[in-house]
Amino acid sequence: FAEGGALWVSDADGSSETVVPTGNAASVWHHSWAPGGDGEIEPYRLVFERDFVLYTIEVWTTGGTLSFGQAQPINLPTEARAPDWGSSGEILYLARVPSPPSAQLHWAIHVISDTELPNPTPTQVYVASVGITEANYHSVYEATWNPAGDAIAFVEEDEVQPYTWEHALRVVDRAT
């Protein structure tokens with residue numbers, strides 16, 4: 001869990017809370033566990049956002065002793081937010097990217113393969129149709145994989161008038 005800008009792990013009953021060593025950043029957000037791993041033979045793996053950069057870290061529970069690898073940055077061409085590690089071994093994340101010809105910032109959902117870490121090639125799977133303008137704020141957030149790993153659900157919101165918002169739940173088919 002994340003609390004006070006730090007990332008923590010605990011036993012299933014909430015005991016033995018331990019801070020995950022994520023480096024010197026003041027705020028860690030949006031963590032997600034990789035599928036698989038047992039902590040003994042194969043580590044648990046975690047992805048998290050720190051200062052708009054994604055990091056991975058290994059977590060071991062060998063012999064009942066908790067230990068951590070070093071947090072490793074994922075090299076991406078844009079700022080990244082809100083990662084979610086899917087059951088298919090892919091990580092999705094949100095980014096604000098300029099869209100030609102206006103160069104307005106648009107929210108986009110990207111997917112990367114964990115087999116290419118730490119230097120993946122992102123695939124853009126969705127771009128919001130409207131960016132940030134003086135008259136409208138458009139946002140995409142809470143993107144997550146479905147359990148099968150073949151679709152992505154997210155919330156899209158539009159400011160239709162000052163301080164008046166419309167929200168929509170969207171689903172993108174991963175294959176198309």
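Trainee: Does Phe154 count as buried or exposed?
Mentor: First, a word on the source: this is a predicted model, where local features need pLDDT of at least 70, side-chain atom pairs count only at pLDDT 80 or more, and totals for chains, interfaces and linings use all residues. Residues are numbered from 1 along each chain as its sequence is written, and side-chain values use heavy atoms, leaving out hydrogens and water. Buried means under 20% relative accessible area, with a 1.4 Å probe and protein chains only. Phe154 counts as buried because its relative accessibility is 0%.

Trainee: Where is Phe154 placed?
Mentor: Strands are DSSP runs of E, at least two residues, numbered from the N terminus. Phe154 is in strand β14.

Trainee: Which side chain of opposite charge is nearest to Glu157?
Mentor: Lys and Arg count as positive, Asp and Glu as negative; His and the chain ends are not counted. A salt bridge needs a side-chain nitrogen of Lys or Arg within 4 Å of a carboxyl oxygen of Asp or Glu. For Glu157, the nearest is Arg96, 11 Å away, and this buried residue has no salt bridge. Glu157 lies in strand β14, residues 151-161.

Trainee: Which side chain makes a polar contact with the Glu157 side chain at 2.8 Å?
Mentor: A polar contact is a pair of N or O atoms within 3.5 Å; within protein, one must be able to donate a hydrogen and the other to accept it, and residues adjacent in sequence count only if both atoms are side-chain atoms. That partner is His167, and the side chain of Tyr141 also makes a polar contact with Glu157's, at 3.5 Å.

How values were computed
Helix = DSSP H or I, 4+ residues; strand = E, 2+ residues; numbered from the N terminus. Buried < 20%, exposed > 50% of the residue type's maximum accessible area, 1.4 Å probe, protein only.
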